[in-house]
Amino acid sequence: MTDHPTTPDAGLPEGVDDAVRAELTSLRESIDNIDAAVVHMLAERFKATQRVGRLKAEHKLPPADPARERTQIKRLRELAAGAHLDPVFAEKFLNFIIAEVIRHHEAIANDAVAGGNDAA
């Protein structure tokens with residue numbers, strides 16, 4: 001699934017047992033594939049949030065939705081706990097994404113206002 005294969009055993013010192021090297025390489029290849037999947041999933045997520053941003057701008061809705069954000073953070077923390085992932089980490093990750101989405105929504109809204117001024 002990786003678009004650009006890496007050298008998974010790069011940086012290993014000479015003399016590392018071949019079985020250890022093979023297992024580490026296999027695990028790192030899996031990690032590389034997961035990373036690629038995460039990037040592609042984030043790209044899809046941002047495509048959807050861009051559409052949300054355009055819809056909000058068209059209807060003059062605010063870029064941020066604190067109630068929705070709280071609901072999503074609670075939901076993600078519960079999902080993280082169920083998946084044995086640190087809920088604090090999951091919340092930090094989602095907050096990072098939310099901040100970027102709001103930044104995009106603000107830019108879309110500003111572009112809509114600027115575009116509206118050009119038409120006048």
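**Charged side chains in a predicted model**

Student: Where do glutamate 44 and lysine 47 lie, and how many residues apart?

Tutor: Both residues belong to helix H1 (residues 18-58); helices are DSSP runs of H or I with at least four residues, numbered from the N terminus. This is a predicted model, in which local features need pLDDT of at least 70, side-chain atom pairs count only at pLDDT 80 or more, and totals for chains, interfaces and linings use all residues. Residues are numbered from 1 along each chain as its sequence is written, and side-chain values use heavy atoms, leaving out hydrogens and water. The separation, about one turn of the helix, is three residues.

Student: How far apart are the closest N and O atoms of glutamate 44 and lysine 47?

Tutor: Side chains of opposite charge can pair when their charged atoms come close. A salt bridge requires a side-chain nitrogen of Lys or Arg within 4 Å of a carboxyl oxygen of Asp or Glu. Glutamate 44 and lysine 47 form one, at 3.0 Å.

Student: Which residue forms a salt bridge with glutamate 91?

Tutor: The N to O distance in this salt bridge is 2.6 Å, and the partner is arginine 77. Glutamate 91 lies in helix H3 and its partner in helix H2, so the pair ties together parts 14 residues apart in sequence. The residue asked for is arginine 77.

Student: Which side chain of opposite charge is nearest to glutamate 69?

Tutor: Glutamate 69 lies in helix H2 (residues 66-82). Glutamate 69 is buried and has no salt bridge; buried means under 20% relative accessible area (1.4 Å probe, protein chains only). At 6.3 Å, the nearest side chain of opposite charge is lysine 56.

Key: Helices (H or I, at least four residues) and strands (E, at least two) are DSSP runs, numbered from the N terminus. Buried means under 20% relative accessible area, exposed over 50%, partly exposed in between (1.4 Å probe, protein chains only). Lys and Arg count as positive and Asp and Glu as negative; His and the chain ends are not counted.
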